[in-house]
Amino acid sequence: MKIDRGVGIVGYGAYIPMNRLRASEVKRVWGGSGTPIEEKSVVAMDEDTITIAVECARYAVKRAGIDPQEIGAVYVGTESKPYAVKPSGTVVAEAIGATPNVLAADYEFACKAGTEAFQTCIGLVSSGMMKYAMAIGADTAQGRPGDALEYTASCGGAAYIFGKKPARTLAEIEGSCSYVTDTPDFWRREHEMYPRHGNRFTGEPAYFKHVIGAAKELMGELGTEAGDYKYAVFHQPNVKFPIKAARTLGFSMDAIKPGLIVPFVGNTYSGSTPLGLAATLDIADPGDRILAVSYGSGAGSDAFSLTVQDAITNDRRLEPAVSRFVDRKRYIDYSVYSKLRGKIVK
Amino acid sequence: MSVPRYWRETKYRYRLIGQMCAQCGSVMFPRSGVCSPCGSVDLEEVKLAETGHVVTWTVVRNPPAGYMEYAPYLVALVELDDGVRVLSQLVDIEPIKMKTGMRVEAAFRRVKVDGNSGIIEYGYKFRPLIE
Ligand SMILES: [Zn+2]
């Protein structure tokens, strides 16, 4: 998809809850062979997708240094809405002071709901319908006790505010592209607490086909190749998948390392690619190019090509870096985890 | 809290907005209809500081109804950087690590949840400053 020149990110913010559950703790309780990551983030008793979204939205507004009344849209991409019916976006918009002249809604597309909202925001600001638009990817994902997903399903999110020059952009978006097919690799029916998934079916025909498809399509459209990008971010359901996707597309480990936070945070679902991108923006220099590709089961990928702008260095120390949240942690055991995630029958 | 009452207070609790008396300058939080020191009803909205320090604190082990699942939890008297004092839950810290004077900031959290089908009340709590 072609995008007007000068459209980009004017602010971003991240948030990760501080509780950590070691994968070895899940293994202690349920057995199993390997552990796909070191540890995952877990919400506190009083946190949910809305509180995570508000925290990262506040940081994004502060970093952008804008009047929240100028934000014309607040979209929350998530698969763990606290309310089945009542938009999360309205709470976030109220909390940051963007109400009442604002579009607000929740997006759902498994793990790519947040980046789907990126594309809507890019369209809204590039068309001139509004000055700024905010997209948030946030989740408090759950895996069935003992299931492979329980090791990785975690909590966190990141918010992005998009704008158009003369607004000061930290990174310009050069293009975006989606690759979507009807693929039943993972789903959760209404009233069900946990999702079901197709085990090995989640690899080649699902994650890799869509991530690589979207990345190739976008690079083909822009006439770029892996060597043109200093950094790349791929959806991180585990450690293996993003590394394999990077290798297949010709990216080095150095290119994906800054954004690869899954070993210490887990899979934050809709927050995964937005958080990986935020961690990369935290260390990128003006002129660096970044490729970011999300993946959502069901299935699809959204790819983005960005070039970091001079303004990024001004804002670097204004708000906490993703690494600050990765390092801020307290370990919990499986019993506390069970209480926090509503797994104890009272 | 009833749903209408929660709704009337959302903006103030979400964004830490209090009232300043136009007559004597006193700041009230949470809001009230009249200035408690001078009785004036000439009040204006004022945004409070989101950072401050802990004046004193305690651990609640036997909470009132509706707060059981959060126990044990910390409650602190926080003096904001604009001098306003706020009584609030303190999160993301263990009682053993608490220190009077420690720097804290406003966080956005669930305050109370009305069962499985009722309203979820959100609002401020304080946590150690994330720098
Ligand atoms: Zn007064």
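Because the model is predicted, local features need pLDDT of at least 70 and side-chain atom pairs count only at pLDDT 80 or more, whereas totals for chains, interfaces and linings use all residues.

**Confidence**

Colour by pLDDT (the predictor's confidence in each residue, from 0 to 100). Chain B averages 94, and 100% of the residues score at least 70. The model scores ipTM 0.96 and pTM 0.97.

**Two domains in chain A**

Select 7-170 plus 319-337 of chain A for domain 1, then 172-313 for domain 2; such bounds come from an automatic or database domain assignment. The centres of these two domains, taken over C-alpha atoms, are separated by 16 Å. Across the boundary, 48 residues of domain 1 of chain A are in contact with 42 residues of domain 2 of chain A (contact means that the C-beta atoms, placed from the backbone, lie within 7 Å). On the domain 1 side, helix 4 of chain A gives the most, with seven residues. Helices (H or I, at least four residues) and strands (E, at least two) are DSSP runs, numbered from the N terminus. That side of domain 1 of chain A divides into 23 nonpolar, 16 polar and nine charged residues. Here Ala, Val, Leu, Ile, Met, Phe, Trp, Tyr, Cys and Pro count as nonpolar, Asp, Glu, Lys and Arg as charged, and the others, Gly among them, as polar.

Now pick residues 49-64 of chain A, helix 2. In helix 2 of chain A, 15 of the 16 residues are buried. A residue is buried if 20 or more other C-beta atoms lie within 10 Å of its own, exposed if 12 or fewer, and partly exposed in between, with C-beta atoms placed from the backbone. Just beyond helix 2, A:G65 has a positive phi of about 65°.

Next, select 203-222 of chain A, which is helix 5. Its 20 residues reach 27 Å from first C-alpha to last, close to the expected 28 Å. Look for a bend of about 35° at A:K209 (the angle between axes fitted to the seven residues ending there and the seven starting there). Buried residues of helix 5 include A:Y207, A:H210 and A:L218, and what covers the buried residues includes strand 8 (171-180) and helix 6 (240-249) of chain A. After helix 5 comes A:G223, with a positive phi near 70°.

Go to A:S33, in the loop between helix 1 (23-30) and strand 3 (39-42) of chain A.

**Over to chain B**

Show chain B as domain 1 (1-48) and domain 2 (49-131). Their C-alpha centres lie 20 Å apart, and the contact takes ten residues from domain 1 of chain B and 13 residues from domain 2 of chain B.

Finally, display both chains: 15 residues of chain B are in contact with 18 residues of chain A. Which element of chain B gives the most to this side? Helix 1 of chain B does, with four residues. The side of chain B that touches chain A divides into seven nonpolar, one polar and seven charged residues.

Technical notes. Residues numbered from 1 in each chain as written. Chains lettered and ligands numbered in written order. Contact = placed C-beta atoms within 7 Å. Expected span 1.5 Å × (residues − 1).
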